[in-house]
Amino acid sequence: MNGASKSTTIRDVAQYVGISVTAVSQILNGKGDRFSDETIRKVQEAQRVLNYHPNFYARGLVGQRSNSIGIVIPNIMNPFFASLVLSVENAAIPKGIFPQVFSVNGFHENIDYFIEQFISGTQKGLILAAPGASQEIVDKLAISNSLPMVLTDQADLSGNYDMVLIDELKAGELIASHLLDLGHTRIAIVLPFGLTLNLKHRFDGYKLAFKLHHVAVPLDLVFQSNFDPSGGVDAVERIVETDATAIIAINDDVAIGIYRGLSAHHKSIPDDYSVVGFDNINLTNYLTPRLTTVEQPIDKIGEQAVQMLVGKMTDPTAEHQSVILDVKLKIRDSTKKLEM
Ligand code: RIB
């Protein structure tokens, strides 16, 4: 039976033999001494039957490059994560360390390739910012090798890791309180499908603000959408049918879509709707009216993550550290007092 398929992945080989992805990668990388001859034979048979060829990009980079680190992000198209990569580069390159970007972009098989790459030893440390991918990478690499890792943002996994995070609860409370202080109570909230742990803390912050202002959380005005401008446009189609007077977007990217959607409905910001975002990405400088948002300390996140990672690459036995960074509310022109 030739189960060959052009997209055969290391996961398929692992499932065929009934062992882990990590074990398959070690055997195929010539590091399978701890496995029986029978297991090695089965892996070689599976590789032949499934016509599996390891990711040549990964193979081509197998080696002992001592100055390369990996940064794993959910989606390079999201301006926040693009800025995170830049801040890591700005902190790492002067130290003679060269980050390599691994963007999951929603393709689960990419994670298999990334894990194979990391096991091959090309990267000497990892900065993880993607949710599901990071849990798999942490679980799998914890078995096979002690690659130093620093977790940040959407890789906020409960557990004992080196982490650089922002105070999401305070940040969520800050931006929601700004609207409540302006007299808004019917506030729509636009969230992505499925909240990562850090975004759950941010939503908890929104809810805390309502509680501190003795206003019921408008659960009927919580909308879920894609995590990009298209999600903002779609959410507006539903929001304009409600009595909302303000809108909280989970990030600036979604807020950009909200601007577009409200414009299509000939609605004014802030006269008809006050709108706030999160991140303070560079694009917010080109929105009219200028967007009220929360500024993430993106440069500091990169600096702290690289500093923590270099520390662990130097001394793997160093204690785990967890840093929580503060944020800033940037009040601009997209919000105004509710006129009764
Ligand atoms: O734009 C992406 C958003 O999700 C940011 O707020 C960042 O914190 C990530 O978690």
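**Entry 1: the ligand shell**

I looked up which element gives the most to the shell around the ligand, and found H9, with three residues. The model I am reading is a predicted one.

I then listed the surroundings: 13 residues surround the ligand, and the closest are Asp153, Asn198, Arg202, Asn251 and Asp279.

**Entry 2: polar atoms facing the ligand**

I checked the distances from side chains to oxygen atoms of the ligand. For Asp279, an N or O atom of the side chain is 2.6 Å from a ligand oxygen. For Asn198, a polar side-chain atom lies 2.8 Å from an oxygen atom of the ligand. Gln154 likewise places a polar side-chain atom 3.1 Å from a ligand oxygen.

I next asked how much of the ligand the protein buries. Taken alone, the ligand exposes 280 Å², and the protein buries 100% of that. I also looked up the cavities, and noted that the space taken by the ligand is the largest cavity. The elements giving two or more residues to the shell around the ligand are helix H5 (79-92) and H9.

**Entry 3: salt bridges, overall**

I turned to charged pairs. Side chains of opposite charge can pair when their charged atoms come close. With a cut-off of 4 Å between a side-chain nitrogen of Lys or Arg and a carboxyl oxygen of Asp or Glu, I recorded 14 salt bridges. Arg11, Asp112 and Glu136 are linked in a network of such bridges.

**Entry 4: a pair within one helix**

I examined Glu45 and Arg41, whose side chains meet in a salt bridge at 3.5 Å, N to O. Both residues belong to helix H3 (residues 37-49); they are four residues apart, and therefore separated by about one helical turn. I noted Glu45 as partly exposed at 25% relative accessibility, and Arg41 as partly exposed with a relative accessible area of 41%.

**Entry 5: pairs between loops and segments**

I found Arg186 and Asp220 joined in a salt bridge at 2.5 Å, N to O. Arg186 lies in the loop between helix H8 (168-181) and strand S6 (187-192), and Asp220 in the loop between helix H9 (197-212) and strand S7 (222-225), so the pair ties together parts 34 residues apart in sequence. Arg186 is partly exposed, at 24% relative accessible area.

I also recorded a salt bridge between Arg290 and Asp333, at 3.3 Å, N to O. Because Arg290 lies in the loop between strand S9 (274-276) and strand S10 (293-295), and Asp333 in the segment after strand S12 (328-330), this pair ties together parts 43 residues apart in sequence. Arg290 is partly exposed at 41%, and Asp333 is partly exposed at 38%.

Key
Residues numbered from 1 in each chain as written. Predicted model: local features only at pLDDT ≥ 70, side-chain atom pairs only at ≥ 80, totals over all residues. Heavy atoms only, no water. Buried < 20%, exposed > 50% of the residue type's maximum accessible area, 1.4 Å probe, protein only. Near = heavy atom within 4 Å. Polar contact = N/O pair within 3.5 Å; in protein donor to acceptor, adjacent residues only side chain to side chain. Areas by Shrake-Rupley, 256 points an atom, 1.4 Å probe, with all protein chains shown as cover. 1 Å grid on protein atoms, 1.4 Å probe; cavity = no way out; pocket = protein on both sides within 12 Å on 5 of 7 lines; lining within 4 Å. Sits in = over half its atoms within 2 Å of the grid points.
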